[in-house]
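Open the model in your viewer and keep the selection panel at hand.

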Amino acid sequence: MKAHGTVFRYKDNVDTDVIIPARYLNTSDAAELASHCMEDIDPTFIKRVKAGDIIVADKNFGCGSSREHAPLAIKTAKISCVIASSFARIFYRNSINIGLPILECPEAVKGIRDGDTVEVDFTSGLISNLTTNESWKAEAFPPFIQKMIEAEGLVQYLKKEMAK
Amino acid sequence: MSMTMTQKILAEHAGLPQVHPGQLVMADVDLVLGNDITSPVAIKEFAKFNLDKVFDKSKVALVPDHFTPNKDIKAAQQCKCMRQFAHDFDIEHYFEVGQMGIEHALLPEQGLVNAGDLIIGADSHTCTYGALGAFSTGVGSTDMAAAMATGKLWFKIPQAIRFNLTGTFTRWVSGKDLVLHIIGMIGVDGALYKSIEFCGTGVASTTMDDRFTVCNMAIEAGAKNGIFPVDAVALEYVASHCKRLPKVYEADSDAEYERTVDIDLGAIRPTVAFPHLPENAKTIDEVGNVPIDQVVIGSCTNGRISDLRVAAQLLKGRKVAKGVRTIIFPATQQIYLQAMEEGLLRIFVEAGAVVSTPTCGPCLGGHMGILAEGERAVATTNRNFVGRMGHVQSEVYLASPAVAAASALTGRIANPEEIGVN
């Protein structure tokens, strides 16, 4: 499985309040949430984003609230992958649990600018910046988490396990 | 191999004699919590399991506290979804408006938290219960659904940072100042994926409410959990609230910590976190002249009775500054009643403040005190991110109830010492 898209580049500590402001949390409708994705940090994001695009950010992406609405809004906005130097832990769990691909790779983050075209090979963990012809290898997930990703999320994984 | 307090609780709940940092485990949960924002998503996910019951109807707590009393039709629909689920699945601990409170103040008060418990909640401030020696952490809605279905959840065993507390707080300094000081020191990702464990001779002088406040904001340093040792203060609280016998875990004397930081509580000054991150901490002496439009005293961080008492000591017989909207939120119905009986509500109203029913309301920019463009608030809440309390161009300054009350009186961020209370 591969992702290929244009990069939206953000800095440190992108919090869940700017990913999806709480004023929109009176619904859990994914499409409605996605229509406000990144609104308080990048008001034009939702107009510019195309299916397959990639978010790249510095450290502690997704800090703050436990709202799963944040990765859900990003996934529903058709972002194919989020690459960051580090993720806040609840956002990390939530992304894996709902099947939003995320990769921690500080070296890649340093070498990627806004608007670059990036390709990610999820099997090998290879991140390639097609604009600059550089590439990096993200650390592989532990086997248990890989199984969850393959099952497309925690619920499907557990259902398979429970059926055994 | 020796273990930290957190590692011991996780090992026990995973049925393992020993765990090590980085290990992934499946552990039994003692309580699963959700609110009116996170539960509707969890309920949708739970439906995918096609189950006719939750793993244990006495171990799920549902608290409609964020946008309640229902702020609009959509919020009402979300609460209705949660209420219906609670009814259909016979959930024992569903707290309707009228019995409810802000979840992290409510659950310990209702005796649902015990020392040694493993508690997960679809709310990031679930880490509050570490104050009672429980392992508690925030998770997402899918995690909540999985835990409601199976009674288990996956965890990565965390490393820990230890804070060794000595001394005692000076007047007007409390748990809030301590935790803002710590976040200022280590940063908003300073404890990412890790536990924060407290120890030392200074612990005994901190109140239960101080500890709730400190553990509540462990997440603002990125921590998985914050946890205090179970001493006489904690045991007394548990004994008077929880029907179950406490299970006390202690860190091994040779447990490995990533580092140990010594803090003299006597050296902590009233502390304020400037916009737009909780790590932007300054002591009250470094604040300068910052005029304000609103003061919010309440939330899962600082809406407990001792917080209201401190605010009342400063507001008693005085008036809030002209042009400052002061909004006070007792965190639970019981705290509201207690504040009424102690005469605190009269003091607040006479000072020109308003007192609201318990709600998370303004803390997350939901309702009941939203800021306009360019406005500034001093709040005893926990986050000051861009747009957190309203307009993207508004600002939130995090502080203790004492600093918030002094600021309400002066119309600018103020040191409680300058109010002249004997």
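This is a predicted model: local features need pLDDT of at least 70, side-chain atom pairs count only at pLDDT 80 or more; totals for chains, interfaces and linings use all residues.

A salt bridge here is a side-chain nitrogen of Lys or Arg within 4 Å of a carboxyl oxygen of Asp or Glu.

Residues are numbered from 1 along each chain as its sequence is written, chains are lettered from A and ligands numbered from 1 in the order in which they are written, and side-chain values use heavy atoms, with hydrogens and water left out.

**Stop 1: chain B against chain A**

Show both chains. The rule finds four salt bridges across their interface. It also finds 21 residue pairs in polar contact (both at pLDDT 80 or more). A polar contact is a pair of N or O atoms within 3.5 Å; within protein, one must be able to donate a hydrogen and the other to accept it, and residues adjacent in sequence count only if both atoms are side-chain atoms.

Now select α5 (141–150) of chain B, one of the elements giving two or more residues to the side that touches chain A. α5(B) gives the most, with five residues. Helices (H or I, at least four residues) and strands (E, at least two) are DSSP runs, numbered from the N terminus.

How much area do chain B and chain A bury between them? About 3,800 Å², 59% of it on carbon and sulfur atoms. Buried area is the accessible area (1.4 Å probe) that two parts lose on being put together, summed over both. Pick out B:Thr142, B:Trp154 and B:Tyr193: they supply 18% of the area that chain B buries against chain A, more than any other three residues.

**Stop 2: inside chain B**

Colour domain 1 (5–264) and domain 2 (272–418) of chain B separately. These bounds come from an automatic or database domain assignment. The domain centres, taken over C-alpha atoms, are 24 Å apart. Contact (heavy atoms within 4.5 Å) takes 37 residues from domain 1 and 40 residues from domain 2.

The two domains bury about 3,000 Å² between them. Select B:Ile102, B:Trp172 and B:Lys176, which supply 24% of the area that domain 1 buries against domain 2.

Between the two domains of chain B, the count is one salt bridge.
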